[in-house]
Every structure is written in C-alpha cells, then in structure tokens.
Amino acid sequence: MLKKRKQENEEHADNHERWLVSYADFITLLFAFFIVMYAVSSVNEGKYRVLSSSLVSAFKNDNSSNLAPPQATDFSPISIQQSNQTDSIKLIDNLSSQKTKKQEKMKSMAKNILHALEPLVKDGQVRVTQSSLGITVEINASVLFSPGQAKLADNSSLTLQAVAHVIKGHEHEIHVEGHTDNLPIQTENFPSNWELSSARASSVIRLFTENGVEAHRLTALGYGENRPIETNETPEGRKRNRRVTVMIMSTDPDKVTEIPIVEY
C-alpha cells in the first residue's frame, strides 16, 4: 500500500510540472515573433533576402523544397526610399535656384537705382547699399527738403521719381524712414523731431504712390533723432544724420551681411 501511494505522488508531481513544457514553447515562439518583427522593421535588400530564405527553410515541406525567396519589386521599400531621395534633391535644387534668382534680381535693382542716382552718389548725397535684408537708399535731407520743412523741394521730384521708376511693378515691401539730427525743433507744424521725421517720410511715400508704386507695399516710419549714424557733435555729422532712407525689403531675408555697392 505504501509503495502504491509513493508511485501516485510521483505521477502527480510529473503532471504538476508539465505546464512548463507549454510555457517554454510559448516563450520560444514569442521570441521568434519579435525577431521577425525587428527584421521587418529594418528592411534592406540583404536582410530581406536572408529573412525570406529563413522563413522558407523553416516552413517548407517535402513538396515545397524548390521555393525561392520573393524578389524586390518596384514597390519595395528600397525603391520608395530612392524615389523620395530623388524628389528631395529636386526640391532642394529648385529652392536654391529660386533663391539665386531672387538675389540676382535684387542686385540688378540696386544697380539700376545706383545708375539713376549716379550724380548724387558721386557728390556723396546718396548712398546705395545691399544686404540680405534688402536694398538701402540713403538720401540726404538737403536734397529733398528745406531746413525744418516736410514739403518736397521742387528739384527733389526727379530724384524720387527715378527711384519710383525702378521699384514700381515689383512685389517687395518698402519702408521709408525719416531721420533728423538732435537739434530740437518746435514750430506750429512740428512740435518735435518726431513729427518732422514722420511727415518727411509720408511726403516721400505720397510721391511714390503718385508715380505708380502700389500703396499697400509702402510704410512710413519716423525715428526723429534716435537713430544717428554719425556723431551730432559736428556740423558734418548732423548733416549726415538728417536723411531719408528708402528700404526695399528682401522677400527672402537671410543672415545679415553688408555688401557695399559703391565706396565713398
């Protein structure tokens, strides 16, 4: 009787541990599944062929020994990746070509303005520079206005008309800035340099619109004496600070790098 009970206990122990066999099979299959998923997620031609061969070898039977791994088609990940790379290269080349054309267009516009204002440039009354932000046309206030006035002088129209002729018909925004020296002004029309500089910028804009420049492209800015480019301690410096600046803004500004068009 004791021997029989011992045999029953051994058989019960064997039955109790039999689940380990099924668990081990499950873990093995799960591990194989994740290996296959990882291989599929990192597809290239070499890995794809190795994976195909392994799957065929694992699942083939006696009647399928001649199975060959599938070949890459025109819709394979490799073909799609090459197509995307080609499209990206074409897009980059197109954008680079457009940027070059815009830069050449701005350079041509600067040269046309320089040529139209050549006598004043030689006299130092006008300065033309170009940067990646756009074209700057700096006109001394004495060319355009009488002292303390915002009405354009009779002989100033030709200067501004020459600029308007070059810039009209383009898409660039234009900022017209009025600047003064630091000598205070207090008249009935202009209580301070703020009003004087703003009125001068507006007078230039009015002439531009009368000569065909679209109004929606224009902005008038008055800075008064707050943005000097020379010292206000000398008559020459104050004369330089009294100016109107026409900024032709680039449509694709990049890193600022000053490029002088003409030396003084």
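Ile27 sits in helix α2, which spans residues 19–41. The model is a predicted one. At 35% relative accessibility, Ile27 is partly exposed, because buried residues must fall under 20% and exposed ones over 50%. Ile27 is also part of a nonpolar surface patch of about 700 Å².

The protein chain contains nine helices and six strands. Of its 264 residues, 28% are buried. The chain exposes about 17900 Å². Carbon and sulfur atoms supply 55% of that area. Contacts between residues at least 6 apart in sequence were also sorted by separation. Among these, 71% join residues at least 24 apart.

In soluble globular proteins, nonpolar side chains tend to be buried together. The largest nonpolar core in this model has 34 residues. Those with the most contacts inside the core are Ile113, Val137, Leu144, Ile167, Val204 and Phe208. Two or more residues each come from α4 (77–116), β1 (126–131), β2, α6, α7, β3, α8 and β5. Helix α7 gives the largest share, six residues. Val204 touches Leu144, Phe145, Leu152, Leu160, Val176 and Val244, with residues up to four places away in sequence not counted.

Helix α8 covers residues 193–210, 18 residues in total. From its first C-alpha to its last, α8 reaches 26 Å. This is close to the 26 Å expected at 1.5 Å a residue. The buried residues of α8 are Asn193, Leu196, Ser197, Arg200, Ala201, Ser203, Val204, Ile205, Leu207 and Phe208. Just after α8, Gly212 adopts a positive phi of about 95°.

Six salt bridges were counted. One of them joins the side chains of Glu138 and Arg240, at 2.7 Å from N to O. This pair links distant parts of the chain. Glu138 belongs to strand β2 (residues 134–140) and Arg240 to helix α9 (residues 235–241), 102 residues apart. Glu138 is buried, because its relative accessible area is 13%.

A salt bridge also forms between Asp181 and Arg242, whose closest N and O atoms are 2.6 Å apart. Asp181 lies in the loop between β3 and α8, and Arg242 in the loop between α9 and β5, so the pair ties together parts that are 61 residues apart in sequence. Asp181 counts as buried at 6% relative accessibility. Arg242, with a relative accessible area of 31%, is partly exposed.

Glu214 pairs with Arg217 in a further salt bridge, with the closest N and O atoms 2.7 Å apart. Glu214 is partly exposed, with a relative accessible area of 30%. Arg217 is buried, at 4% relative accessibility. Salt bridges that share partners also join Glu138, Glu230 and Arg240 into one network.

Technical notes: Residues numbered from 1 in each chain as written. Predicted model: local features only at pLDDT ≥ 70, side-chain atom pairs only at ≥ 80, totals over all residues. Heavy atoms only, no water. Patch = residues over 30% accessible without salt bridge, like charges linked within 9 Å, V, L, I, M, F, W, Y side chains within 5 Å. Areas by Shrake-Rupley, 256 points an atom, 1.4 Å probe, with all protein chains shown as cover. Salt bridge = Lys/Arg side-chain N within 4 Å of Asp/Glu carboxyl O. Helix = DSSP H or I, 4+ residues; strand = E, 2+ residues; numbered from the N terminus. Buried < 20%, exposed > 50% of the residue type's maximum accessible area, 1.4 Å probe, protein only. Expected span 1.5 Å × (residues − 1). Core = buried A, V, L, I, M, F, W, Y, C linked by side-chain atoms within 4.5 Å. Contact = heavy atoms within 4.5 Å.
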